[in-house]
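Student: I have a structure open and would like to learn how to read it. Could you take me through some features, step by step?

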Amino acid sequence: MKTFAASLALVAALSSSVLASPANLEARATAASTGKLPAVTVKGNAFFAGDDRFYIRGVDYQPGGASDAKDPIADVAGCKRDVAYFKKLGINTVRVYTVDNTADHDECMSMLADAGIYLALDVNTPKYSINRAEPEVSYNDVYLQSIFATIDAFASYSNTLLFFSGNEVINDDSTTACAPYVKAVTRDMRQYIGTRGYRSIPVGYSAADVDSNRLEMAQYMNCGTDAERSDFFAFNDYSWCDPSSFTKSGWDQKVQTYKNYSIPLFLSEFGCNTNTREFNEIASLYSDDMTAVYSGGLVYEYSEEGSKYGLVKISGNSVTPLDDFNTLKTKLAATKAPTGDGGYLKDGAATKCPAQSSTWNVTWGNDLPSIPVPAKKYLTSGAGKGPGLKGAGSQNSGTQSTGTAPANAGQVSSTSTASTGAAASLRVPEFSAAPYLCGLVVLASTLLGATLL
């Protein structure tokens, strides 16, 4: 998240199969809720809403940015103010980087559902995240309790599209050694969703715009057993800077690179502002050039937070659309979502885990850290009340992982009746005790998304 990249911070945040059949579920019932949206599932390398291919056509949404991290989905007045402009843009998704897992989100989620809008949600917060300088310390039970509580808070809404387990945790070659912790958190979230009996909400990671290791990260999140693989992979891409084109930007080469990638791929941030933004990439992103590989993307960002990426300027209850808002609105209106299945890859294999190299410093092989022992109880008993945005924090708290997990950790084994969800539950695995430490101490310099990275 570029707003957070401008902030000073030393800590960092982190991040397969989807089981449930499509269901037309209401957003959690409230007096204000009248809308319905079909829950989105994964088939092959694409998202589907019922039988229809679903393309993400959205914006990143965090009013206040890094300097004033708040929960926009708990701000009813702010939702009423902004949903009207979301509808004018014609989007179907917003990404939110920070939420308060103790707050009431019913009314805002209902307003979004009534407007036909889904939520792509980062589960980390500034105080509850993985510190890329010491991932082995910050991957602990206190941290997991917070992100599990966030899952609890949003799992019942049918317009919860997906969860990001992390955002730009790895932001250069030296921080790639943290990848096992990113992948372990993704695994743990999927396991928690299964054991609690929720519908299978997709979980994946949002990678930084780093050419030297982005492909390796994509391969890593899609390698190994089904229990270890992500449901999707996303990355932030600012390589199309107008005036440009499908070939000049290099997007044609990325389509070729990922043409056999077997899980959904999309852009979690895009919209280079080096020059005047014309948003000509919209036409390519939702055309036959890309739909066999990509499932759309999210424009950075809705509100102007000092980085010149904003589509609107917010002042109290007043919203002023900027030039980029009108340009994006025009381009989206001129580029409808494709009909049919877009040529998606129906069946694909897991990728091969990348080998260690000068740009990929992962020495664990295919192993992942085991879930911290005290966190196992949350899988069967639930997370309980979360710490919200005012908790003491987790990065130097709690019990760390003490070993590596077997490859089938998190594997689905039975049907849960723990909740009203229809997802299959996951067996709590036995773990080995062989210790592995990341051994990496890197000073983090950016606070990205609403997670500390």
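**Reading the model together**

Tutor: Let's begin with strand β10 (residues 203–207), which is mostly covered: five of its five residues are buried. Buried means under 20% relative accessible area, exposed over 50% and partly exposed in between, using a 1.4 Å probe and protein chains only. Helices (H or I, at least four residues) and strands (E, at least two) are DSSP runs, numbered from the N terminus. This is a predicted model, where local features need pLDDT of at least 70 and side-chain atom pairs count only at pLDDT 80 or more, while totals for chains, interfaces and linings use all residues. Residues are numbered from 1 along each chain as its sequence is written, and side-chain values use heavy atoms, with hydrogens and water left out.

Student: In which sense do β9 and β10 pair?

Tutor: The general idea is that strands of a sheet pair through backbone hydrogen bonds, either parallel or antiparallel. Two strands count as paired if DSSP finds at least two bridges between them. Here, strand β9 (residues 160–167) and β10 pair in the parallel sense over three bridges. Asn167 has Ser206 of β10 as its bridge partner.

Student: What is the order of the strands in the open sheet of three?

Tutor: The order is β3-β4-β5, with antiparallel pairing. The edges are β3 (40–43) and β5 (52–54), each with a single partner strand, so one side of each is left without a neighbour in the sheet. On average, neighbouring strands of this sheet are turned by 50 degrees against each other, direction ignored. Four bridges join β3 to the antiparallel strand β4 (residues 46–49), and Val42 stands opposite Phe47 in β4.

Student: Where is Leu37, and is it buried or exposed?

Tutor: Leu37 is in strand β2 (residues 36–38), and its 10% relative accessibility makes it count as buried. Leu37 and Asn159 are 122 residues apart in sequence and 6.1 Å apart in space, C-alpha to C-alpha.

Student: How do I read helix packing, and at what angle do α2 and α10 pack?

Tutor: Axes are lines fitted to C-alpha atoms, for helices over the stretch in contact, and angles run from 0 to 180 degrees between N-to-C directions. Angles under 35 degrees count as roughly parallel, over 145 as roughly antiparallel, 65 to 115 as roughly perpendicular and the rest as oblique. Helix α2 (residues 76–89) and helix α10 (residues 323–334) pack at about 45 degrees, with their axes 8 Å apart; α2 and α10 are therefore oblique to each other. Contact means heavy atoms within 4.5 Å, and this one is made by Tyr85, Lys88 and Leu89 of α2 and Phe325, Leu328, Lys329 and Leu332 of α10.

Student: What about α2 and α3?

Tutor: The axes of α2 and helix α3 (residues 106–114) come within 10 Å and cross at roughly 10 degrees, so these helices are roughly parallel to each other. Val76, Cys79, Lys80, Val83 and Phe86 of α2 meet Glu107, Cys108, Met111 and Leu112 of α3.

Student: Last, the backbone. Which peptide bonds are cis?

Tutor: The bond from Asp242 to Pro243 is cis, with omega near 0 degrees, and Pro243 lies in the loop between β11 (232–237) and α8 (251–257). A cis peptide bond also joins Tyr300 and Glu301, where omega is about -5 degrees. Glu301 lies in the loop between β13 (294–299) and β14 (312–315).

Student: Is Phe279 buried or exposed, and what about Lys308?

Tutor: Phe279 is buried, with a relative accessible area of 1%, and has a positive phi of about 55 degrees although it is not a glycine. Lys308, in the loop between β13 and β14, counts as exposed at 64% relative accessibility. Lys308 has a positive phi of about 70 degrees, and is not a glycine.
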